[in-house]
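Work through the exercises below with the model open. Each task is followed by a solution in steps.

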Amino acid sequence: MLLKNVFAPESRASDSSDNSRVTKLPFFDLKTQFQSLREEILAEITAVCDAQAFVLGPKVESFEQQITELCGCNTALATSSGTDAELLILMAMEVSLGDAVVTTPFTFFSTAGGVARLGAKPLFVDIDPATMNLDPEKLGKFFERECRESPDGLATKDGLIIRAVIPVHLFGLCCDMDGIREVCGQRRIPVIEDAAQALGAKYPSKDRVERAGGMSEFGFFSFYPTKNLGAFGDAGMAVAGDAEFGRKMKILRNHGMDPRYYHSEIGGNFRMDAIQAAILSKKLPYLEQWSKRRWEIAQRYKDAFAKFSRKIMVPFEPYAAQLGSEGHIYHQFVIRTPARDSLREHLEEQGIGTEIYYPVALHHQKCFAYLGEMRFPESERAAAECLSLPIYPELTDQQIDRVIDSVAQFFN
Ligand SMILES: *Cc1c(COP(=O)(O)O)cnc(C)c1O
């Protein structure tokens, strides 16, 4: 397929300047990307309007097929959001009261929220500070020290059955999946990849190169507008390696209805709209070039910040030697510094937007206070030190330099 070069200068909208003293450099900018694909996308939306068929249908099915091929899974089911995709997987696994699911405390809320909504208990294991992803070594120790074998499977000391582990490929970098699969496989615990931030990211396993979301029993993606592949509203995808689970999830996605108006199970409305699938299908062929541009921007930041290595920690790229630019899709470019809050203030004064992903680790969220006091020092430190800089593919070299200069000014 011939793709137009969306980074060509003529396709770039000029900086949206306001009347204030400094031109704003927003943390993200969805408008520029839309302008570059405007005609193609409007044609897709028009086609859906003409057809007046809005929920599921052929556009959704062909997008599911594209995702199946991309991540190498058996079944992909388009959903109303990433959150709902996770819920759908957990419902198909019949996770409920008396169960526990292990994940990282340093992630977006919904990773653990879905577990709690089903009455199961979210359990946390700390991150590896280098990657900020779930640490397989700590996971193994947790299973060894805090769990015991039971007739129903591995159980916590208070008798909850560990039904799944949800590693999160945070910021676009795949977890150490060889390590996680080994620790879980030995104990026959299914893995559900939270690949919401990692569509298309590659991972070099012991035997081959694999893709985020397709490396374990289950996976899910989010197409929230600010994700690397963004819809025009909420949308997500659940994937399964097993065809039987795929069939069950398909029925649960539509109220457990099979055949029409006969319900042998209780599901939900987790369906994707045709308009979202049509837009996402059009945008998907650009994902690779967008991810590559994100990688390039990351390298410019990293090179420029090398001289502040004692003050700023830049992202670690553990797979760069094997995969080059394909080992990290840089959903976020996250630096760490103890001076995070004052750096953020400084950049704000310069008109540069930044974000904090995530300011509060999940075990410290008020809604999880019932889980009791816990300490996860690496996640807590990450929550205190992390700052995300602008990294959307449409950033101009000039804008990147402006971010670099402003950060340098702060540390000089
Ligand atoms: C965005 C996100 C989700 C949830 O996806 P939605 O589509 O917003 O529901 C889950 N996990 C992580 C890590 C995310 O970044």
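The exercises cover helix packing, the ligand surroundings and backbone geometry.

This is a predicted model, in which local features need pLDDT of at least 70, side-chain atom pairs count only at pLDDT 80 or more, and totals for chains, interfaces and linings use all residues. Residues are numbered from 1 along each chain as its sequence is written, and side-chain values use heavy atoms, with hydrogens and water left out.

**Exercise 1.** Determine how helix α2 and helix α8 cross, and which residues meet.

Solution. Start with the elements: helices (H or I, at least four residues) and strands (E, at least two) are DSSP runs, numbered from the N terminus. Here α2 spans residues 58-71 and α8 spans residues 274-283. Next, take the axes, which are lines fitted to C-alpha atoms, for helices over the stretch in contact, with angles from 0 to 180 degrees between N-to-C directions. The two axes come within 8 Å and cross at roughly 40°. That makes α2 oblique to α8; angles under 35 degrees count as roughly parallel, over 145 as roughly antiparallel, 65 to 115 as roughly perpendicular and the rest as oblique. The crossing of α2 with α8 is left-handed, meaning that the near helix is turned anticlockwise from the far one by less than a right angle, while clockwise gives a right-handed crossing. Then list the contacts (heavy atoms within 4.5 Å): Lys59, Val60, Ser62, Phe63 and Gln66 of α2 meet Ala274, Ala277, Ala278, Leu280 and Ser281 of α8. Sorted by class, this contact has 6 nonpolar, 3 polar and 1 charged residues. The classes are nonpolar (Ala, Val, Leu, Ile, Met, Phe, Trp, Tyr, Cys and Pro), charged (Asp, Glu, Lys and Arg) and polar (the others, Gly among them).

**Exercise 2.** Describe the packing of helix α1 on α8.

Solution. Helix α1 (residues 30-51) packs with α8 at about 140°, their axes 9 Å apart. That makes α1 oblique to α8. The handedness of the α1 crossing with α8 is right-handed. From α1, the residues in contact are Gln33, Leu37, Glu40, Ile41, Glu44, Ile45 and Val48; from α8 they are Ala274, Ile275, Ala278, Ile279, Lys282 and Lys283. The class count for α1 with α8 is 8 nonpolar, 1 polar and 4 charged residues.

**Exercise 3.** Are α5 and α6 roughly parallel or roughly antiparallel?

Solution. The axes of α5 (residues 136-146) and α6 (residues 177-185) come within 9 Å and cross at roughly 15°. The two helices are therefore roughly parallel. Their crossing is right-handed. Pro136, Leu139, Gly140 and Phe143 in α5 meet Gly179, Ile180, Val183 and Cys184 in α6. This contact has 6 nonpolar, 2 polar and no charged residues.

**Exercise 4.** Which residues come nearest to the ligand?

Solution. There are 15 residues around the ligand, each with a heavy atom within 4 Å of it. Gly82, Thr83, Gln197, Ser222 and Lys227 come nearest. Now check N or O distances to ligand oxygen atoms. A polar backbone atom of glycine 82 is 2.8 Å from one. For threonine 83, a side-chain N or O atom is 2.5 Å from a ligand oxygen. Glutamine 197 places a polar side-chain atom 2.8 Å from a ligand oxygen.

**Exercise 5.** Locate two cis peptide bonds.

Solution. One joins aspartate 258 and proline 259, with omega about -5°. Proline 259 sits in the loop between α7 (243-252) and α8. Another joins tyrosine 357 and tyrosine 358, with omega about 0°. Tyrosine 358 is in the loop between α11 (340-349) and α12 (377-385).

Note on methods:
A polar contact is a pair of N or O atoms within 3.5 Å; within protein, one must be able to donate a hydrogen and the other to accept it, and residues adjacent in sequence count only if both atoms are side-chain atoms.
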